[in-house]
Amino acid sequence: RTGAATWVLLTDERGIAARLGELLTRAGDSAVFVRPGQHFEEAPDGSFRLDPGNPEHFRELVDRLGAHRALAGVVHLWGLDVVAGEETTTLELRASHARTYGSALHLVQTLGDHPTPARLWFVTAGAFPVVEDDTSLSPAQAPLWGLSRVIGNELPLFQPTIVDLSAEPVPSEVEQLARDHIRWLTATLQLARATAAAAPAR
């Protein structure tokens, strides 16, 4: 595979995005980390911080990245930090919803205005049961699955993919996720090269 691809990772607090970025970088790609915050800012290491509830921040992010590189895909991992539990307050639930579902909507709307939409990946953990009576579930992440289906039906150019890891992800799951990214990108580049080669000369 030739040419480095750039992946934007909306970073979780569990360390999944950090590990995914490490694996993608090891494969020759680059990763841009985006963390939630109150203000938009770009750090010296090339990472960003933005307000998940502010659509202007997403536009600023895409404008800055698009000025320097083409994006292979955006991986939304903020759903991994969703707040849920019997003691969760209404304010915490609203903030969590804005950080996950709301940020995903802003992301889609922003990328929809971009000339070449990047592929979208959504990552959850424990959104659905693997075994009966699983008590480690986080169903508050489930709305991202519904959103992914809507995007796939109405905006197929994004080719949305959603992955539900186990409630406590193990390293092998993250490695598989990275391999899936790299495998998809390799297949896409091969198809693009084959299409270009088959096109009649002008």
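1. The largest cavity has a volume of about 30 Å³, the volume being the space filled by probe spheres set on grid points that are joined across faces, edges and corners. A search of the whole structure returns 1 cavity of 30 Å³ or more. A cavity is here a set of points, on a 1 Å grid over the protein atoms alone, where a 1.4 Å probe fits but cannot get out, and its lining residues have an atom within 4 Å of a point.

2. The model is predicted: local features require pLDDT of at least 70, side-chain atom pairs count only at pLDDT 80 or more, and totals for chains, interfaces and linings use all residues. Residues are numbered from 1 along each chain as its sequence is written, and side-chain values use heavy atoms, with hydrogens and water left out.

3. The lining of the largest cavity consists of Val8, Leu10, Leu61, Val62, Leu71, Val74, Leu107 and Leu111. Two or more lining residues come from each of strand S1 (6–10), helix H2 (55–66), strand S5 (71–76) and helix H3 (90–112). Helices (H or I, at least four residues) and strands (E, at least two) are DSSP runs, numbered from the N terminus. By class, the lining holds 8 nonpolar residues, no polar and no charged ones; Ala, Val, Leu, Ile, Met, Phe, Trp, Tyr, Cys and Pro count as nonpolar, Asp, Glu, Lys and Arg as charged, and the others, Gly among them, as polar.

4. As to the overall fold, the protein chain contains 5 helices and 7 strands. Their order along the sequence is β-α-β-β-β-α-β-α-β-α-β-α. Of the 202 residues in the protein chain, 41% are buried, where buried means under 20% relative accessible area, exposed over 50%, and partly exposed in between (1.4 Å probe, protein chains only). Among contacts in the protein chain with a separation of 6 or more, 65% join residues 24 or more positions apart; contact means heavy atoms within 4.5 Å.

5. Strand S1 contains Thr6. Thr6 counts as buried because its relative accessibility is 6%. Although Thr6 and Ala72 are 66 residues apart in sequence, their C-alpha atoms are 5.5 Å apart.

6. Helix H1 (residues 16–26) has Ile16, Ala17, Leu20, Gly21, Leu23 and Leu24 as its buried residues. These lie on the same side of H1, because they cover an arc of only 165° around the axis; the arc is that of the directions from the helix axis to the C-beta atoms. Gly28, which follows H1, has a positive phi, near 105°.

7. The 12 residues of H2 reach 17 Å from first C-alpha to last, close to the 16 Å expected at 1.5 Å a residue. The expected span is 1.5 Å times one less than the number of residues in the helix. Buried in H2 are His57, Phe58, Leu61, Val62 and Leu65. Viewed down the axis of H2, its buried residues fall within an arc of 135°, so they line one face of the helix. Leu61 and Val62 also belong to the lining of the largest cavity.

8. Helix H4 (residues 143–154) likewise agrees with expectation, because its 12 residues should span 16 Å at 1.5 Å a residue and its end C-alpha atoms are 17 Å apart. Its buried residues include Leu144, Trp145, Leu147, Ser148 and Ile151. They share the same side of H4, since they cover an arc of only 160° around the axis. Arg149, Asn153 and Glu154, on the other side of H4, are exposed.

9. Leu120 is in strand S6 (residues 119–125). With 0% relative accessibility, Leu120 counts as buried. Leaving aside neighbours within four places in sequence, Leu120 is in contact with Val74, Leu107, Val108, Leu111, Ile151, Phe158, Gln159, Pro160 and Thr161. Of these, Val74, Leu107 and Leu111 are among the residues lining the largest cavity. The C-alpha atoms of Leu120 and Leu157, 37 residues apart along the chain, are separated by 9.6 Å.

10. Gln159 sits in the loop between H4 and strand S7 (161–165). Its phi is positive, about 45°, although Gln159 is not a glycine. At 38% relative accessibility, Gln159 counts as partly exposed. Thr161 is in strand S7 and, at 18% relative accessibility, counts as buried. Neighbours within four places in sequence aside, Thr161 is in contact with Arg119, Leu120, Trp121, Phe122 and Ser148.

How values were computed: 1 Å grid on protein atoms, 1.4 Å probe; cavity = no way out; pocket = protein on both sides within 12 Å on 5 of 7 lines; lining within 4 Å.
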